[in-house]
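Q: I have a structure open and would like to learn how to read it. Could you take me through a few features one by one?

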Amino acid sequence: MIKRLVSSILFVSGLTCCVFAHAQLRVEISGVGSTQIPIAIASFADENLAPQQVSAIIKADLDRSGYFKIIDTGTAMSETSDINYADWKARGAFDLVVGSVQRLADGRYDVRYRLLDIGRQTQLSGFALTDIADHTRLTAHKIADDIYQKLTGIPGDFSTRLSYVTKSGGEYKLQVADSDGENVHDALRSIAPIISPSWSPDGTKVAYVSFENRKPIVYVQDLVTKERTVVANYKGSNSAPAWSPDSSKLAVALTLSGSTQIYSVNANGGGLQRLTNSGGIDTEPRFSPDGQSIYFTSDRSGGPQIYKMSAGGGSAQRITFKGDWNTTPRISPDGKTLAYISRRDGQYQLYAFDLTNSQELRLSDSGDAEAPSFSPNGRYIMYATKSGGRGTLAVVSIDGSVKHQLTTQMGEIREPTWGPFMK
Amino acid sequence: MRHIPALALVVASTVLFAGCSSTKLEEKPPVQEQPVAPAVVDHSHDVQTVVAPAQKDDLLTNPALANRSVYFDFDSYVVREDGKPVVEAHGKYLSNHKDRKILIQGNTDERGGSEYNLALGQKRAEAVRKALTVMGVSDSQLEAVSFGKEKPKATGHDEAAWSQNRRADLVY
């Protein structure tokens, strides 16, 4: 009996060690929105019953977003507590969040929440979510999403996920984490490099390039079943996967013709079709949100520039003209903003280009920006950068005001991709 | 005196022969009229000789083939003078060894994004592939691929490191 107890303690401490080794990314906020909504967030009644503190996760999400000023309440308030609106008004709060956590007989947790408008003394939103203990963080992110949407009019994307590649020692990992860098899972571990992760539109699969077989090959991995499918392994290099919005196809860069050109393949392999026909480099394809066009990088005019063509291939229209080195096009979810990396005076910077009026805005300042990725609500761009010589991830709002960084305790972090909204 | 060793040899061989069989020399062995089952022979002590293929490579021994990297200038995709002897040595070897296939892995320095660097590394691999083809190496022996900036030989962040990383590796 004692022996059994000891071994179970060892097991538990082993688990703790692994969870710690998987530790989340550290968030550093360095810029906020020009206007911030003052919001009081109470501790949820009995929230210590759940594995994670729901109100703390909601506060961290809204704080990181840059558009809220968090007012601490000091006390726990449930969704049934009496509200002294005059008191909250005096403390400067425009809105108040209250709620509770209950452990159900089947082990799941029931989380209830209400969002109150202090000025109008009315409820703006509220609901109850019941989920397993492992999903407590997800529940909190969903509540933060709802608050963000009700108060800013833009869907919150705190409940979405990130994928990125870490390199530590000689090991590469393709990891998936919550949008706040917590809840990290390894999707792939390898001694060979991994680049260009790309989420399927439904958020259950990731396409990526792995060099495990001495050359770049494009795989699609089902995150749930961990089944891997080789979608492009043609002679030469296979890279730059991008999903079509209907999930049926991937645009990829292949070197069958001797130079890097864009092709499309079926998402389950096969169905090869060539889309570009230049003698030079055509790569980094991205479908427009409506699936009608593909943005890509081409050196057909000399240095690399961003072009746009029909999703079926054919003639292309040049999009970028400022700067002699523009790569890595990423199109916003509304199709109106193009993010890309531009080399100016030897510095690699993130730019946002407004396709409706051709205005460009520099969003990075460190000079080694790479791999931009829009958040699913289009309000932020995540990109890879360096901090103290090590790879880190930076997030910036598309107006440049909100900034934060995600860093790991050790090793490099690179190739970020922000996942889609999920059901 | 001269006869003694010869006689001794005859005697010795007779004794030896006699020791092998109890059949007297004058007696003929019995003639088999009927086919019989072949004798069961125990081969467990046999030793057969394998001749290792004379390391079909001179890959390990030929100093001309020891160098497997071709270096490139910044923003250049042309094989430099110092890379030509490397290409020629491997081209000659591959022309004479049609069964050998190689991967030519192009590489770049760390500046810029991973995918565009992959395409630039491909241009370096392709330059070496074409040079080998010109020397008569069959296309089926060659595969030009790229590692972009993912496999640096030198890990520094200065020109000294970058110049080591702008290269194509010949991988057998």
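Q: How are α2(B) and α3(B) oriented to each other?
A: Axes are lines fitted to C-alpha atoms, for helices over the stretch in contact, and angles run from 0 to 180 degrees between N-to-C directions. Here the axes of α2 (residues 84–96) of chain B and α3(B) cross at roughly 55° and come within 9 Å, so the two helices are oblique to each other. This is a predicted model, where local features need pLDDT of at least 70, side-chain atom pairs count only at pLDDT 80 or more, and totals for chains, interfaces and linings use all residues. Residues are numbered from 1 along each chain as its sequence is written, while chains are lettered from A and ligands numbered from 1 in the order in which they are written.

Q: Which residues of α2(B) and α3(B) meet?
A: Two residues are in contact if their C-beta atoms, placed from the backbone, lie within 7 Å. B:Val87, B:His90, B:Gly91 and B:Leu94 of α2(B) meet B:Val128, B:Ala131 and B:Leu132 of α3(B).

Q: How many residues of chain B are in contact with chain A?
A: On chain B there are 18, and they meet 28 residues of chain A. Helices (H or I, at least four residues) and strands (E, at least two) are DSSP runs, numbered from the N terminus. On this side of chain B, α3 (114–134) and β3 (142–148) each give two or more residues, and α3(B) provides the largest share, 7 residues.

Q: What is the largest nonpolar core?
A: A nonpolar core is a set of buried Ala, Val, Leu, Ile, Met, Phe, Trp, Tyr and Cys residues joined through C-beta atoms within 7 Å. The largest has 79 residues, and A:Leu250 is one of those with the most contacts inside it. Apart from it lies another core of 34 residues, including A:Ala40 and A:Leu116.

Terms used
A residue is buried if 20 or more other C-beta atoms lie within 10 Å of its own, exposed if 12 or fewer, and partly exposed in between; C-beta atoms are placed from the backbone. Angles under 35 degrees count as roughly parallel, over 145 as roughly antiparallel, 65 to 115 as roughly perpendicular and the rest as oblique.
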